[in-house]
Amino acid sequence: MKKKTRTITVKEKTYIYTLKDSYQNQQWEVHLKITLQNQKNDALAFHFTTKDDVIAGCPLLTGITLYHRIQKEEVVYNLNHPVRVKELIEYGLVHQWTGEQTIVHEDGITVLNHIGYDSDVLRPLYKE
């Protein structure tokens, strides 16, 4: 499991986030935890369970092309890119996360759908 603390500033507030991943049963588990810089106990968390790419590994950490319905274009989606973390922070802020309470989204793929991505291709049992 990898863990690296990173910082990002969104709307004049500084956030700390970590990405953790693990592989088991031919699936990837990716956990993104975001906190305000001084509020480490009150997190916005997203859990993603994705299929395995036999060549590249975890699609959310190596990059996968997803169609964005609002922007009407294909986007390479990679959680290592700060712009993707920013989108999830903005999603949390719109959905009542203030940084002073914990909110956990157990199905991050559905959150990506709500943001506008056609992300069901990430699901482990998805058949094209």
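**Sheet and strand pairing**

Ala45 stands opposite Val104 in E7. The model in which these residues face one another is predicted. Strand E4 (residues 43-51) and E7 pair in the parallel sense, over three bridges.

- An open sheet is formed by five strands in the order E1-E2-E3-E4-E7, and its pairing is mixed.
- Strand E1 (5-10) and E7 are the edge strands, each pairing on one side only.
- On average, neighbouring strands of this sheet are turned by 20° against each other, direction ignored.

**Helices against the strands**

- H2 lies across E1, E2, strand E3 (27-36), E4 and E7. Relative to E1, H2 runs at about 60°.
- H3 lies across E4 and E7, and its direction is at about 100° to E4.

**Helix H2 in detail**

- Helix H2 (residues 82-94) has 13 residues, which at 1.5 Å a residue should span 18 Å; the end C-alpha atoms are 18 Å apart, so the two values agree.
- The buried residues of H2 are Arg84, Val85, Glu87, Leu88, Ile89, Tyr91 and Gly92.
- In general, an α-helix has 3.6 residues a turn, so residues three or four places apart point the same way.
- Gln96 follows H2 and has a positive phi, near 75°.

**Aromatic pairs**

- How many aromatic pairs does the structure hold? There are four aromatic pairs in the structure.
- One of them is formed by Tyr15 and Trp97; this pair is tilted, with 5.9 Å centre to centre and 35° between the planes. Tyr15 lies in strand E2 (residues 13-24) and Trp97 in the loop between H2 and strand E7 (103-105), so the pair ties together parts that are 82 residues apart in sequence. Both Tyr15 and Trp97 are buried.
- Tyr77 and Tyr117 form an edge-to-face aromatic pair, with 5.0 Å centre to centre and 75° between the planes. This pair links distant parts of the chain, 40 residues apart: Tyr77 is in strand E6 (residues 73-77), and Tyr117 is in the segment after helix H3 (108-115).
- Is Tyr77 buried or exposed? Tyr77 counts as buried because its relative accessibility is 0%. Tyr117 is likewise buried, with a relative accessible area of 0%.

How values were computed:
Residues are numbered from 1 along each chain as its sequence is written. This is a predicted model: local features need pLDDT of at least 70, side-chain atom pairs count only at pLDDT 80 or more; totals for chains, interfaces and linings use all residues. Side-chain values use heavy atoms; hydrogens and water are left out. Helices (H or I, at least four residues) and strands (E, at least two) are DSSP runs, numbered from the N terminus. The expected span of a helix is 1.5 Å times one less than its number of residues. Buried means under 20% relative accessible area, exposed over 50%, partly exposed in between (1.4 Å probe, protein chains only). Rings of Phe, Tyr and Trp (its six-membered ring) pair if their centres lie within 6.5 Å; planes under 30 degrees apart count as stacked, over 60 as edge-to-face and the rest as tilted. Two strands pair if DSSP finds at least two bridges between them. Axes are lines fitted to C-alpha atoms, for helices over the stretch in contact, and angles run from 0 to 180 degrees between N-to-C directions. Contact means heavy atoms within 4.5 Å.
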